[in-house]
Amino acid sequence: MNSWINFAAIGKILVFGLIAGAGLPALFAIGMLSLSRGAKARTAGADSDVVVGGSVAGMVVAAVCFLVVLAAIAWSLYEIYKIGHPAPAK
Amino acid sequence: MHNDLVLVLVVITALAFDFTNGFHDTGNAMATSIATGALPPRVAVGLSGVLNLAGAFLSLAVAATIANGLVETGDVTLTVVAAGLAGGIIWNLLTWLLGIPSSSSHALIGGVIGATIAAAGASAVQWHNLTSKVIIPAALSPIIAALVAATGTWLLYRISRSMTRAARGHGFRIGQIGSASMVSLAHGTNDAQKTMGVITLALIANGTLASGATAPFWVILSCALAISIGTYVGGWRVIRTLGKGLVEIESPQGMAAESASAAVILLSSSFGYSLSTTHVATGSIIGSGLGKRGAEVRWGVAGRMATAWLFTLPCSALVGAAAEGLARAIGTSGVFLDLILLAVLAAVIYRKARANKVDHNNVNAEWTGTVAPAETEPATAA
């Protein structure tokens, strides 16, 4: 490790940053796209801001995507809590 | 007795710094949500305030001191802490007046370093650590954040391109609220601890706490409250620059920028490579402009910010050194004069800011190159 630049830490931040900081919102977008599939959105017209399209399969995919995003957030909060509140030394 | 009075004043000054830290940084979390209309301005600052409070309790990992490893802590007296805080507060207020987001941690570190140099000479500063732990990360963090945000922005537009513009905006505005909330939480976790560290340092310097002690509960609570109230008051001038000045933001960009900020801030603190929230948030917003085809980044505004960042450490160090020098020249009551001067200067800056006010009413006005929108009054407020 270079004594001026901590390449290991920067590399980790970049890789995990891309996974969490770009990957999770992308998953959210995939969920949103699936949610918008179906007849309702198609007939609603170009100005409609309706996101829910009405396709059941789409809704299921969307639910899975959103749950994964929420789970990742919950897990990260738990990890931060754990770092901040170390268990008493045995 | 004398010392206890000084200690009380230092604690109050530290909480004042924490307050400026909060309101200077509201924009890091909420500027994009306010700019796209995902949240009404006052709801946004309220939510951010509450989450900063929660975040301050979430983790206490950095309960050590901010000066640790940067200056010889043996040379840090109560007066040095007070002078350092004065440097940090003055810089925060000046940059707020100019509507420039700048790092509160750099301002504080600069102030403490300046005061330490004035008190004990340049050899009391650990220059290598200062470079490798503060200066280099500051240069790298906006680049990392911009990369992540640009990737996210590109992905979001690509994935959602078949949706109608309005539906896409609707969906991503909801996502924005979630991601901006994460940034607020991360900010509370990161930044409130810096003041906890300063107060703990002061308590140790005064002999109230044993060396190596962790922050007592009242310190944690008061710091959490100060940063949360500061956030709620909202540094509207900085919010405006970040939300309107840098890039014209749409909700997919906003969500990408906030997600990148939250991820990078939380990861950096968990890997022990502490980055400035402000540098990360600004980098993310620029990245969200780079990742969208046809979006314009106002490099002039970005350049002004970068210039301010270069000056943050030296300028707050100068103020810190001047305050320490003044206090030493006068003797035991010098620290009181410092704090009185600080209060007067803060009042002057506040008055200047009132003269061309930016608040929740005009924060989203069209960007015309200035922080304070031109006075065309209610007619334009739609």
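Predicted model: local features only at pLDDT ≥ 70, side-chain atom pairs only at ≥ 80, totals over all residues.

Mentor: Let us begin with a pair of helices. Two packed helices are described by the angle between their axes and the distance between the axes. Here the axes of α1(A) and helix α5 (residues 127-159) of chain B come within 9 Å and cross at roughly 20°. Axes are lines fitted to C-alpha atoms, for helices over the stretch in contact, and angles run from 0 to 180 degrees between N-to-C directions. Helices (H or I, at least four residues) and strands (E, at least two) are DSSP runs numbered from the N terminus.

Trainee: How are α1(A) and α5(B) oriented to each other?

Mentor: Angles under 35 degrees count as roughly parallel, over 145 as roughly antiparallel, 65 to 115 as roughly perpendicular and the rest as oblique. α1(A) and α5(B) are therefore roughly parallel to each other. As for handedness, a crossing is left-handed if the near helix is turned anticlockwise from the far one by less than a right angle, and right-handed if clockwise. α1(A) passes α5(B) in a right-handed crossing.

Trainee: Which residues of α1(A) and α5(B) meet?

Mentor: Two residues are in contact if their C-beta atoms, placed from the backbone, lie within 7 Å. On the α1(A) side they include I10(A), L14(A), G17(A), G21(A) and P25(A), and on the α5(B) side L140(B), I144(B), L147(B) and T151(B) are among them. By class, this contact of α1(A) with α5(B) has 17 nonpolar, four polar and no charged residues. Ala, Val, Leu, Ile, Met, Phe, Trp, Tyr, Cys and Pro count as nonpolar, Asp, Glu, Lys and Arg as charged, and the others, Gly among them, as polar.

Trainee: How many residues of chain A are in contact with chain B?

Mentor: In total, 38 residues of chain A are in contact with 40 residues of chain B. On the chain A side, α1 (7-35) and α3 (56-84) each supply at least two residues, and the largest share, 19 residues, comes from α1(A). That side of chain A has 26 nonpolar, eight polar and four charged residues.

Trainee: How does one judge the span of a helix?

Mentor: The expected span of a helix is 1.5 Å times one less than its number of residues. Helix α6 (residues 165-205) of chain B has 41 residues and reaches 58 Å from its first C-alpha to its last, close to the 60 Å expected. α6(B) is mostly covered, with 33 of its 41 residues buried. Just after α6(B), G207(B) takes a positive phi of about 85°.

Trainee: At what angle do α2(B) and α7(B) pack?

Mentor: α2(B) and helix α7 (residues 217-233) of chain B pack at an angle of about 160°, with their axes 8 Å apart. That makes α2(B) roughly antiparallel to α7(B), and their crossing is right-handed. The residues of this contact divide into 11 nonpolar, six polar and no charged.

Trainee: Why does I220(B) count as buried?

Mentor: I220(B), in helix α7 of chain B, counts as buried because 20 C-beta neighbours lie inside 10 Å. Leaving out residues up to four places away in sequence, I220(B) touches A56(B), M196(B) and A215(B).

Trainee: How far apart are G111(B) and G320(B) in sequence and in space?

Mentor: G111(B) and G320(B) are 209 residues apart in sequence and 4.4 Å apart in space, C-alpha to C-alpha. G111(B) lies in helix α4 (residues 104-120) of chain B and is buried, with 34 other C-beta atoms within 10 Å.

Key:
Residues numbered from 1 in each chain as written. Chains lettered and ligands numbered in written order. Buried ≥ 20, exposed ≤ 12 C-beta atoms within 10 Å, placed from the backbone.
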